[in-house]
Amino acid sequence: MSLYTQSIMVAFLITIFLSFALFIPWLIYTYRKYGYLSISKTIIMFSFIFYFLSALCLVLLPFPPTRDTCSLQAADTVHYNLRPFQFIRDILKDSGIVLTSPSTWLYITKQPAFFQAFYNFLLLMPFGIYLRYFLKKREYWKRAFIISFLLTLFYEVTQVTGVYGIFNCAYRIFDVDDLMLNSAGAWLGFFLAPIVWALFPSHEAVQAKAAEIAKNDIVKPLSILLAIIIDLFIAQLILVVVPNNGIFEFFMKFIMYMLLFGLVPTITGGATIGMKVLRFTMTSVKGNGIIQKTWRRCFAILATISLLEMIAILGQIKLNMDSPFYVLQIVITLVAFMAALLIRLIIIIHVARVLISGGKRHLFIDEYAGLVATRKK
């Protein structure tokens with residue numbers, strides 16, 4: 001059992017890492033498609049990633065201690081089983097089970113071969129449940145069965161080839177019973193899936209909400225925040241080539257943010273690159289002066305970022321202990337640290353309140369500029 005839990009733990013750790021890498025792209029995809037973050041689809045997608053990695057780890061792990069797996073095996077080792085229903089023979093062998101005597105059937109649960117077959121049956125059952133969600137219609141059960149069979153065939157081929165030559169001999173066998181049990185489990189999961197998916201909104205419900213958001217021209221606060229994150233990420237990518245020497249770096253950041261949050265929206269009529277990616281733009285609350293208000297928004301962003309940058313520069317001042325201003329430098333460093341911490345805390349609280357409000361509150365940069373987000377072109 002510890003082998004199973006270790007494999008699942010490895011899959012869990014990989015999933016956490018992938019979640020950090022994939023969450024922003026997933027947000028972008030979701031907002032482009034639906035106009036809002038669907039919690040149900042997010043849970044389904046990332047749980048599928050976790051399940052798929054868990055199944056793969058259960059099939060492949062633990063790896064042998066050496067690539068020379070042939071040296072760990074006898075010369076006559078058989079790496080495949082092509083006899084269907086061999087698992088039944090293994091369960092009945094020396095088990096004391098008499099098929100005509102029901103009282104002996106409980107002995108099945110004490111046989112390792114039974115649990116091996118049972119786990120193989122369960123392994124792809126969740127895959128069948130996910131396939132029902134992705135394929136949607138019950139009539140696609142044949143397609144789901146073929147996909148499941150191909151997946152388990154991929155697992156078996158991966159095992160028998162020693163992970164495609166990484167190991168010089170197979171460290172697990174190719175088993176035709178695994179093909180049957182995995183495929184049967186996925187097939188059953190496909191038909192049991194409605195019981196699970198009844199707990200989640202349907203595709204139609206998600207699409208209906210997306211249509212309502214588009215009709216009412218709703219742009220969620222998270223969309224605006226995500227657009228800012230995209231723009232800041234673009235700025236950081238460009239600024240990687242800028243030498244890290246304090247004032248010059250600060251000057252280049254100032255210019256870059258002015259271009260991204262001021263010049264670009266002026267050219268596009270209110271949208272930054274991040275907004276273009278998420279398919280919305282900013283418009284004036286009063287319907288006029290969009291360019292002027294765009295630059296007001298840019299100024300608010302520049303003022304906030306510049307304040308944090310200047311505080312960071314003050315906090316980096318270093319003097320020799322013999323300097324008469326050494327005590328002052330310590331005070332300035334401490335004040336700079338507390339100021340930076342306080343400003344970031346205020347921003348975090350402000351953003352949290354905006355996100356929780358669901359659109360009733362606006363980011364201070366938009367409130368100051370008199371701008372609101374819109375999906376209308």
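Lys293, Thr294, Arg297, Cys298, Ala300, Ile301, Leu302, Thr304, Ile305, Ser306, Leu308 and Ile311 are the buried residues of helix α13. Buried here means under 20% relative accessible area, exposed means over 50%, and partly exposed lies in between (1.4 Å probe, protein chains only). Helices are DSSP runs of H or I with at least four residues, numbered from the N terminus. Helix α13 covers residues 290-315, which is 26 residues, and spans 38 Å from its first C-alpha to its last, close to the 38 Å expected at 1.5 Å a residue. That expected span is 1.5 Å times one less than the number of residues.

Before going on, a word on the source: this is a predicted model, in which local features need pLDDT of at least 70 and side-chain atom pairs count only at pLDDT 80 or more, while totals for chains, interfaces and linings use all residues. Residues are numbered from 1 along each chain as its sequence is written, and side-chain values use heavy atoms, with hydrogens and water left out.

**Salt bridges**

Side chains of opposite charge can pair when their charged atoms come close. A salt bridge is a side-chain nitrogen of Lys or Arg within 4 Å of a carboxyl oxygen of Asp or Glu, and the structure holds 2 of them.

| Salt bridge | Closest N and O atoms |
|---|---|
| Glu309 and Lys253 | 3.1 Å |
| Arg297 and Asp366 | 2.5 Å |

What does the pair of Glu309 and Lys253 tie together? Glu309 lies in helix α13 and Lys253 in helix α11, so the pair joins parts that are 56 residues apart in sequence. Lys253 counts as buried, at 12% relative accessibility.

The pair of Arg297 and Asp366 links helix α13 with helix α15 (residues 364-369), so it ties together parts 69 residues apart in sequence. Arg297 is buried at 3% relative accessibility, and Asp366 is buried with a relative accessible area of 3%.

**Aromatic rings**

Now for the rings. A pair of aromatic rings is described by the distance of the centres and the angle of the planes. Rings of Phe, Tyr and Trp (its six-membered ring) pair if their centres lie within 6.5 Å; planes under 30 degrees apart count as stacked, over 60 as edge-to-face and the rest as tilted. By this rule the count comes to 26 aromatic pairs. One of them is Phe48 with Phe134, an edge-to-face pair at 5.5 Å centre to centre and 85 degrees between the planes. This pair links distant parts of the chain, with Phe48 in helix α2 (residues 39-60) and Phe134 in helix α5 (residues 125-135), 86 residues apart.

Tyr257 and Phe261 form a tilted pair, 6.3 Å centre to centre with 50 degrees between the planes. Both lie in helix α11 (residues 247-268), 4 residues apart, about one turn of the helix, and both are buried.

Phe48 and Phe134 also belong to one aromatic cluster, together with Tyr51, Phe52, Tyr130, Tyr133, Trp197 and Phe200.

**Charges over rings**

A charge sits over a ring if NZ of Lys or CZ of Arg is within 6 Å of the ring centre and within 35 degrees of the ring normal. Arg143 lies over the face of Tyr140, 4.2 Å from the ring centre, and the charged end of Arg296 sits over the ring of Tyr368, 4.3 Å from its centre.

Note on methods: Helix = DSSP H or I, 4+ residues; strand = E, 2+ residues; numbered from the N terminus.
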